[in-house]
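Here is a short report on the model shown below.

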Amino acid sequence: MPKLDILIADMRAQLIFKIFTWGTRLLLFIAFLPSGLKKVMGERFTLIPIENPIGFFFEALYRTGFYWNFLGLMQLIACLLLLIPRTSFFGALLYLPIIINIFIIVSSMHFKGTPIVAGLMLLANIYLLFWDYDKLKRMLSVIFGKNS
């Protein structure tokens, strides 16, 4: 058995890591819930004026209409899937491209402090994917056609 498999199996057996994993899922749920709900309900996410590049960016997204709602819906689906034990792996998979996109946006637009928060959310999401390493490994072996 490879060392990473052993390490993750050992972690999964320890109560402290089980609690940490559930706490991580809950925090990521809480992080997406308000912004996802606002977008689904068709509300603006921020009141930053459009003279500011950040405000202009969010206003442009808001004015797309359905796309704005779609972004919120995907955030809600991802965070809800994280809380259901049977679907938590799929929730982490769906969460990943969303949080990568958010991280890139807030970093490239020079948000103050937000890249740190989004970066920590990205790391937390990666942790959750490694928590389900056996599922991730099986999925990647199917995609790339390799037996593990």
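Asp 132 sits in the loop between H6 and helix H7 (133–144). This is a predicted model. Is Asp 132 buried or exposed? Its relative accessible area is 4%. The cut-off for buried is under 20%, so Asp 132 counts as buried. Setting aside neighbours within four places in sequence, Asp 132 contacts Arg 12, Arg 25, Ser 88 and Phe 89. Phe 20 is 112 residues from Asp 132 along the chain, and their C-alpha atoms are separated by 14 Å.

**The loop between H5 and H6**

Two residues of this loop deserve a look. His 110 is found between H5 and H6. Lys 112 lies in the loop between H5 and H6 as well. His 110 counts as exposed, at 64% relative accessibility. Lys 112 is also exposed, at 82% relative accessibility.

The backbone at His 110 stands out. Most residues other than glycine have a negative phi. The phi of His 110 is near 60°, a positive value in a residue that is not glycine.

Lys 112 and Gly 42 are 70 residues apart along the chain. Their C-alpha atoms are separated by 25 Å.

The table collects the accessibility values.

| Residue | Relative accessible area | Class |
|---|---|---|
| Asp 132 | 4% | buried |
| His 110 | 64% | exposed |
| Lys 112 | 82% | exposed |

**Packing of H3 and H4**

Two packed helices are described by the angle between their axes and the distance between the axes. Helix H3 covers residues 53–62, and helix H4 covers residues 66–83. Their axes come within 7 Å and cross at roughly 100°. Angles from 65 to 115 degrees count as roughly perpendicular. H3 and H4 are therefore roughly perpendicular to each other.

Which residues of H3 meet H4? They are Phe 58, Leu 61 and Tyr 62. On the H4 side, the partners are Tyr 67, Trp 68 and Leu 71. The contact of H3 with H4 is made up of six nonpolar residues, with no polar and no charged ones.

**The nonpolar cores**

The largest nonpolar core has 21 residues. Within it, Leu 28, Phe 32 and Tyr 95 touch the most other members. Helix H2 (15–40), H4, helix H5 (88–108) and helix H6 (114–131) each give two or more residues to this core. H6 gives the most, with seven residues.

A second, separate core holds seven residues. Its members include Ile 54, Phe 58, Val 106 and Ala 118. Phe 58 is also one of the H3 residues that meet H4.

**The whole chain**

How many helices and strands does the protein have? There are seven helices and zero strands. Along the sequence the pattern reads α-α-α-α-α-α-α. The C-alpha atoms fill a box of roughly 55 × 30 × 25 Å along the principal axes.

The protein has 148 residues, and 33% of them count as buried. Its accessible surface comes to about 9400 Å². Carbon and sulfur atoms account for 74% of that surface. Among contacts with a separation of 6 or more, 63% join residues 24 or more positions apart.

Note on methods: Residues are numbered from 1 along each chain as its sequence is written. This is a predicted model: local features need pLDDT of at least 70, side-chain atom pairs count only at pLDDT 80 or more; totals for chains, interfaces and linings use all residues. Side-chain values use heavy atoms; hydrogens and water are left out. Axes are lines fitted to C-alpha atoms, for helices over the stretch in contact, and angles run from 0 to 180 degrees between N-to-C directions. Helices (H or I, at least four residues) and strands (E, at least two) are DSSP runs, numbered from the N terminus. Angles under 35 degrees count as roughly parallel, over 145 as roughly antiparallel, 65 to 115 as roughly perpendicular and the rest as oblique. Contact means heavy atoms within 4.5 Å. Ala, Val, Leu, Ile, Met, Phe, Trp, Tyr, Cys and Pro count as nonpolar, Asp, Glu, Lys and Arg as charged, and the others, Gly among them, as polar. Buried means under 20% relative accessible area, exposed over 50%, partly exposed in between (1.4 Å probe, protein chains only). Accessible areas come from the Shrake-Rupley method with a 1.4 Å probe; for residues, only the protein chains shown count as cover. A nonpolar core is a set of buried Ala, Val, Leu, Ile, Met, Phe, Trp, Tyr and Cys residues joined through side-chain atoms within 4.5 Å.
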